[in-house]
Amino acid sequence: QVQLVESGGGLVQAGGSLRLSCAASGRTFSSYVMGWFRQAPGKEREFVAAISWSGSSTYNADSVKGRFTISRDNAKNTVYLQMNSLKPEDTAVYYCAAHPPGTRDFGSWGQGTQVTVSS
């Protein structure tokens with residue numbers, strides 16, 4: 001399995017920006033679909049964004065469309081989540097996840113990074 005380590009979370013005021021990074025181990029990173037999920041206190045984990053192995057296709061939850069952008073650098077084994085125009089409701093622990101080819105779901109998860117947006 002690929003090992004994932006997120007970074008870049010923190011405290012930001014509403015309207016501000018943050019960029020999350022997720023560094024992956026292993027030689028097969030470039031073959032994985034990668035995704036970002038989040039979980040707010042008392043709520044279930046929800047999908048935020050995903051990106052194809054080549055980076056040519058991206059998918060975003062309606063709640064973040066136009067504000068968040070997912071990208072990847074396969075040479076650096078890293079996936080990013082650029083978050084702009086942050087809102088207090090974006091406060092959550094953000095998780096990076098890897099979806100290996102030929103499988104039905106995201107099978108590897110990072111430990112998460114906290115994002116807190118103050119009003």
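Biologist: Why is Gly 26 called partly exposed?

Modeller: This is a predicted model, and in it Gly 26 has a relative accessible area of 46%. Buried means under 20% and exposed means over 50%, so Gly 26 lands in between and gets the label partly exposed.

Biologist: Where does Gly 26 sit, and how far is Gly 26 from Leu 4?

Modeller: Gly 26 is in the loop between strand 3 and strand 4.

Biologist: Take Ser 21 next. What makes Ser 21 count as buried?

Modeller: Its relative accessibility is 18%. The cut-off for buried is under 20%, so Ser 21 counts as buried. Ser 21 belongs to strand 3, residues 18-24.

Biologist: Which residues is Ser 21 in contact with, leaving aside neighbours within four places in sequence?

Modeller: Ser 21 touches Val 5, Glu 6 and Ser 7, then Trp 36, and also Thr 78, Val 79 and Tyr 80. Contact here means heavy atoms within 4.5 Å.

Biologist: On to the charges. How do you know that Asp 90 and Arg 38 form a salt bridge?

Modeller: Their side chains meet with N to O at 2.9 Å. The limit is within 4 Å, so the pair qualifies as a salt bridge. Asp 90 lies in the loop between strand 8 (78-83) and strand 9 (92-99), while Arg 38 is in strand 4 (residues 33-39), so the bridge ties together parts that are 52 residues apart in sequence.

Biologist: Are those two residues buried or exposed?

Modeller: Asp 90 has 0% relative accessibility and counts as buried. Arg 38, at 6%, counts as buried too.

Biologist: What makes Arg 67 and Asp 90 a salt bridge?

Modeller: For Arg 67 and Asp 90, N to O is 2.7 Å, and the criterion is within 4 Å. Arg 67 sits in the loop between strand 6 (58-60) and strand 7 (68-73), and Asp 90 in the loop between strand 8 and strand 9, so this pair ties together parts that are 23 residues apart in sequence. Arg 67 is buried, with a relative accessible area of 11%. Through shared partners, salt bridges join Arg 38, Glu 46, Arg 67 and Asp 90 into one network.

Biologist: How many salt bridges does the structure hold?

Modeller: Four. One of them pairs Asp 62 with Lys 65, the closest N and O atoms being 3.1 Å apart. Asp 62 and Lys 65 are both exposed.

Biologist: How do you know that the radius of gyration agrees with a compact globule?

Modeller: For 119 residues, a compact globule would come out near 14 Å; the protein chain has 13 Å, which agrees. Along its principal axes, the C-alpha trace spans about 40 × 25 × 25 Å.

Biologist: What is the secondary structure of the protein chain, and how much of the protein chain is buried?

Modeller: The protein chain has zero helices and 11 strands. Buried residues account for 44% of its 119 residues. Its accessible surface is about 6300 Å², with 48% belonging to carbon and sulfur atoms.

Biologist: What share of the contacts joins residues at least 24 apart?

Modeller: Among contacts between residues at least 6 apart in sequence, 54% do.

Notes
Residues are numbered from 1 along each chain as its sequence is written. This is a predicted model: local features need pLDDT of at least 70, side-chain atom pairs count only at pLDDT 80 or more; totals for chains, interfaces and linings use all residues. Side-chain values use heavy atoms; hydrogens and water are left out. Helices (H or I, at least four residues) and strands (E, at least two) are DSSP runs, numbered from the N terminus. The radius of gyration is taken over C-alpha atoms; the globule rule is 2.2 Å times the number of residues to the power 0.38. Buried means under 20% relative accessible area, exposed over 50%, partly exposed in between (1.4 Å probe, protein chains only). Accessible areas come from the Shrake-Rupley method with a 1.4 Å probe; for residues, only the protein chains shown count as cover.
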